[in-house]
Amino acid sequence: MQEAARRFFATPSFAVVGATQDASKFGYRILAWYHVHSLPVTPINPSRQSISLQSTSYPTIPSVGDLPKASETALSFLTPPPTTRKVLEEAKQAGVKAVWLQPGSFDDSSLKWARENFESAVGGFEDGTVGGEGWCVLVDGENALNAASRTWRRQKL
């Protein structure tokens, strides 16, 4: 799984499926994590035109199919398992190569499908995660960024 996480962060850009304006939810916290780590990120939310963090606002796109360079974008999922499976199928069709299924966003079937259909699929509870809730960008992201030799700088939220 550590290798999959490294490959995930070797991707040029990122998108958060299930990004939200609600700062108490993980869809906001994960979007903010990408921003704080100075990574190019696009929020995906079909019901909002933008999501504002404290220091900037990001325009949203309604679906994975609207990504301008899907094959160069890795997706973080923060959606309920039935939605995740549907969007995984859309992502595969769009040419996405790497996905990260956050804890709570997948069931066993979706995780298995992701591992069979993407070059890199991060998720689950395999060895290597720093936390006890499963592979999470908030917990494991910096280690994976460093393993990918990804240049980043911390910036204000």
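The following legends describe close-up views of a predicted model.

**View 1. Helix H2 packs against helix H5.** Helix H2 covers residues 26-36 and helix H5 covers residues 137-147. Their axes lie 11 Å apart and form an angle of about 20 degrees. Because angles under 35 degrees count as roughly parallel, H2 is roughly parallel to H5. The crossing of H2 with H5 is right-handed. On the H2 side, the contact is made by Phe26, Arg29, Ile30, Trp33 and Tyr34. On the H5 side, the contact is made by Val137, Leu138, Gly141, Glu142 and Leu145. Sorted by class, this contact of H2 with H5 holds seven nonpolar, one polar and two charged residues.

**View 2. Ile30 is a residue of helix H2****.** Ile30 has a relative accessibility of 0% and therefore counts as buried. Apart from neighbours within four places in sequence, Ile30 is in contact with Val16, Ser76, Leu78, Gln102, Val137 and Leu138. Among these partners, Val137 and Leu138 are also part of the H5 side of the contact with H2. Ser110 stands 80 residues from Ile30 in sequence, and the two C-alpha atoms are 20 Å apart in space.

**View 3. His37 lies in the loop between H2 and strand E2 (41-44)****.** The relative accessibility of His37 is 2%, so His37 counts as buried. When neighbours within four places in sequence are left aside, the contacts of His37 are Glu142, Leu145, Trp152, Arg153 and Arg154. Of these, Glu142 and Leu145 also belong to the H5 residues that meet H2. His37 and Lys97 are separated by 60 residues in sequence and by 21 Å in space, from C-alpha to C-alpha.

**View 4. Helix H3 crosses helix H4****.** Helix H3 comprises residues 81-94, and helix H4 comprises residues 108-117. The two axes come within 10 Å and cross at roughly 15 degrees. This angle makes H3 roughly parallel to H4. H3 passes H4 in a left-handed crossing. From H3, the residues Pro81, Arg85, Leu88, Glu89 and Lys92 take part, and they meet Ser109, Ser110, Trp113, Ala114 and Asn117 of H4. By class, four nonpolar, three polar and three charged residues form the contact of H3 with H4.

**View 5. Residues 8-105 carry an annotation from UniProt****.** An unreviewed UniProt entry places the feature "domain: CoA-binding" at these residues. Over residues 8-105, the chain is 28% helix and 24% strand. The C-alpha atoms at the ends of this stretch are 17 Å apart.

Key
Residues are numbered from 1 along each chain as its sequence is written. This is a predicted model: local features need pLDDT of at least 70, side-chain atom pairs count only at pLDDT 80 or more; totals for chains, interfaces and linings use all residues. Side-chain values use heavy atoms; hydrogens and water are left out. Axes are lines fitted to C-alpha atoms, for helices over the stretch in contact, and angles run from 0 to 180 degrees between N-to-C directions. Helices (H or I, at least four residues) and strands (E, at least two) are DSSP runs, numbered from the N terminus. Angles under 35 degrees count as roughly parallel, over 145 as roughly antiparallel, 65 to 115 as roughly perpendicular and the rest as oblique. A crossing is left-handed if the near helix is turned anticlockwise from the far one by less than a right angle, and right-handed if clockwise. Contact means heavy atoms within 4.5 Å. Ala, Val, Leu, Ile, Met, Phe, Trp, Tyr, Cys and Pro count as nonpolar, Asp, Glu, Lys and Arg as charged, and the others, Gly among them, as polar. UniProt positions are given in the numbering used here, feature names are shortened, and annotations may be inferred rather than shown by experiment. Buried means under 20% relative accessible area, exposed over 50%, partly exposed in between (1.4 Å probe, protein chains only).
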